[in-house]
Structure formats: structure tokens, C-alpha cells
Amino acid sequence: MKKTFRTAEEEIGAVTPLFLFSVLWYLSLLRAMTEGGFQPMLIPFLAAGLLPLVSTVNEIRRAMFYRKQRADAIAWGHSEIGRIRGVTRQDVPYYSGKNRTLRYRRTYCLQVDIMDPSTGVVHTIESGGYRKPVHRYLASDRVRVYTDRTGWKYYLEEFQLKKHKKDPGIFDQQMPAEFEEMSFGGGRLIQIIFIIVIVGMIWSMIFSG
């Protein structure tokens, strides 16, 4: 099984729905101007359509910033072989929507033991948070750990992954069922449904009449 894992801060979020929304928004305005001509009252709506685009650009820039930090640490070349000893779960609170609803963003951090080759002393470091349960894909606890120039941030590379999804993993017997998010209708499913709806609306606008 080949898979690339990025920490939550390196991921590019749901930018596709925002982009499609902007397309739908401007198609609606273009149609209104085609049928009734340009009206000054449309100016605020034209400006409002830029907000999702700005959010998309900012999201991509944020992810690229953290990906560059990882690339710089790897290029610096200070790495060691570590052994994954455990997984911790973090539920980070945040507010979403017009009503400021309290929600939780779940991430998984890997605890890795690294031995100092000169002293033999073992110390444990913790990775950044992953949205995906990385531990469910691992066939081995071996991993390469890169340290940045500050000595405070660690990046995991060269995961030893299972060949098949159903192969036994290293933490299968240690993690209770409630450790992971198992509810139906996760964020990815909602995004897919939203994209289908937006594409359908754009299709209908273009080919109607």
C-alpha cells in the first residue's frame, strides 16, 4: 500500500467547494448582467464573490508554508531511526458557522522513541497531529525522524506500511473501538455531496433555457 501522510497543518483543506461556489456565484451574476445589463447594485455582490477565492488562496499558502518547513528539515539532513511506541488522540475545540457552534477537530499524534547513539539514552518525541489514523496503516513501528534546525520540531518519514488494508497492524490490539472517529457522514462525505450539488447547479444554469 502506497500512501502519503501529511500532518493537519500541511493539508490543503476543502478548497474545491469554495472554488466551485465562486464559479456558481459569478455565473449567476453574469447571467443577471446578460439579461438585465450591468447595475451598480451588483458591485457588492461582485466583491463578495472574491471572499471564497481569498480563503482558498490563504488555505493553500498556509499549507505550502508548513510543507516548506518539512522540506527544509529534510534537506538539512539531521535524521535518526525511531520506534513508534504509541498514539495519542487530540480533540481540538473550534467554533464554526453563523451560530458559533462548538466543534472538535480530531488529530492523532505518534509517540516515537529515539536513542542517542553516543549515550544510549532513549527519549520520546511526539509528531505533529494527523487527521487520518496513521497507526492503522502501519506494518512496522520503524520510522525515520527528521529534526529541524531549532531542534524543536520533528517530521516523520519512511513509514513502513501494510501491503493490504486488512493486514494486521502494530496497534490493532491496543486501540479501543471508540479511539477513532467511526460515525457515518464524515467531513469528506459532506464535501463530496456539496461538490455534486454545486456542479449540478452550475450544469443547470449553463444549459437551462
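**Reading a chain through helix 3**

User: Where is Arg-67 found?

Analyst: Arg-67 is found in helix 3. Keep in mind that this is a predicted model.

User: Which residues is Arg-67 in contact with, leaving aside its neighbours within four places in sequence?

Analyst: Contacts of this kind show what the fold places beside a residue. Here the partners of Arg-67 are Arg-6, Glu-10, Glu-11 and Ile-12. A C-alpha distance is another way to look at the same region. Arg-67 and Glu-9 lie 58 residues apart along the chain, and their C-alpha atoms are separated by 8.5 Å.

User: What should helix 3 span, and what does the model show?

Analyst: The check compares an expected length with the distance between the ends. Helix 3 covers residues 50-76. Its 27 residues, at 1.5 Å a residue, should span 39 Å, and the end C-alpha atoms are 39 Å apart, so the two values agree. Just after the helix comes Gly-77, with a positive phi of about 90°.

User: Which residues of helix 3 are buried, and what covers them?

Analyst: The buried residues of helix 3 are Pro-52, Thr-56, Ala-63, Arg-70 and Ala-73. Their cover includes helix 1, helix 2 (43-48), strand 4 and strand 5.

User: Arg-70 is in that list. Which residue forms a salt bridge with Arg-70?

Analyst: A salt bridge is read from the distance between the closest N and O atoms of two side chains. Glu-157 pairs with Arg-70, and in this bridge the closest N and O atoms are 2.8 Å apart. Glu-157 lies in strand 5 and Arg-70 in helix 3, so the bridge ties together parts that are 87 residues apart in sequence. The two partners can then be set side by side. Arg-70 is buried at a relative accessible area of 7%, whereas Glu-157 is partly exposed at 25%.

User: How many salt bridges does a search of the whole structure find?

Analyst: The search finds eleven. One of them joins Glu-9 and Lys-153, with the closest N and O atoms 3.2 Å apart. This pair links distant parts of the chain: Glu-9 sits in the segment before helix 1 (15-36), and Lys-153 in the loop between strand 4 (142-147) and strand 5 (154-157), 144 residues apart. Glu-9 is partly exposed at 29%, and Lys-153 is partly exposed at 27%.

Another bridge is between the side chains of Arg-89 and Asp-91, at 3.5 Å from N to O. Arg-89 has a relative accessible area of 32% and Asp-91 one of 31%. Some bridges also share partners, and in this way Glu-10, Arg-70 and Glu-157 are joined into one network.

User: Which residues make the nonpolar surface patch?

Analyst: Ile-12, Ile-60 and Met-64 make one of about 220 Å². Ile-60 belongs to helix 3. Patches are made of residues with over 30% relative accessible area, and Ile-60, partly exposed at 34%, is above that cut-off.

User: Where is Ser-127 found, and is it buried or exposed?

Analyst: A loop residue still has to be checked for cover. Ser-127 is found in the loop between strand 3 (122-126) and strand 4. At 6% relative accessibility, Ser-127 counts as buried. Beyond its neighbours within four places in sequence, Ser-127 is in contact with Cys-109, Leu-110 and Leu-156.

User: What pattern does the chain follow along the sequence?

Analyst: There are four helices and five strands, in the order α-α-α-β-β-β-β-β-α. The chain has 209 residues, and 25% of them are buried. Of the contacts with a separation of 6 or more, 66% are between residues 24 or more positions apart. The accessible surface comes to about 13,900 Å², with 60% belonging to carbon and sulfur atoms.

Definitions and conventions: Residues numbered from 1 in each chain as written. Predicted model: local features only at pLDDT ≥ 70, side-chain atom pairs only at ≥ 80, totals over all residues. Heavy atoms only, no water. Patch = residues over 30% accessible without salt bridge, like charges linked within 9 Å, V, L, I, M, F, W, Y side chains within 5 Å. Areas by Shrake-Rupley, 256 points an atom, 1.4 Å probe, with all protein chains shown as cover. Salt bridge = Lys/Arg side-chain N within 4 Å of Asp/Glu carboxyl O. Helix = DSSP H or I, 4+ residues; strand = E, 2+ residues; numbered from the N terminus. Buried < 20%, exposed > 50% of the residue type's maximum accessible area, 1.4 Å probe, protein only. Contact = heavy atoms within 4.5 Å. Expected span 1.5 Å × (residues − 1).
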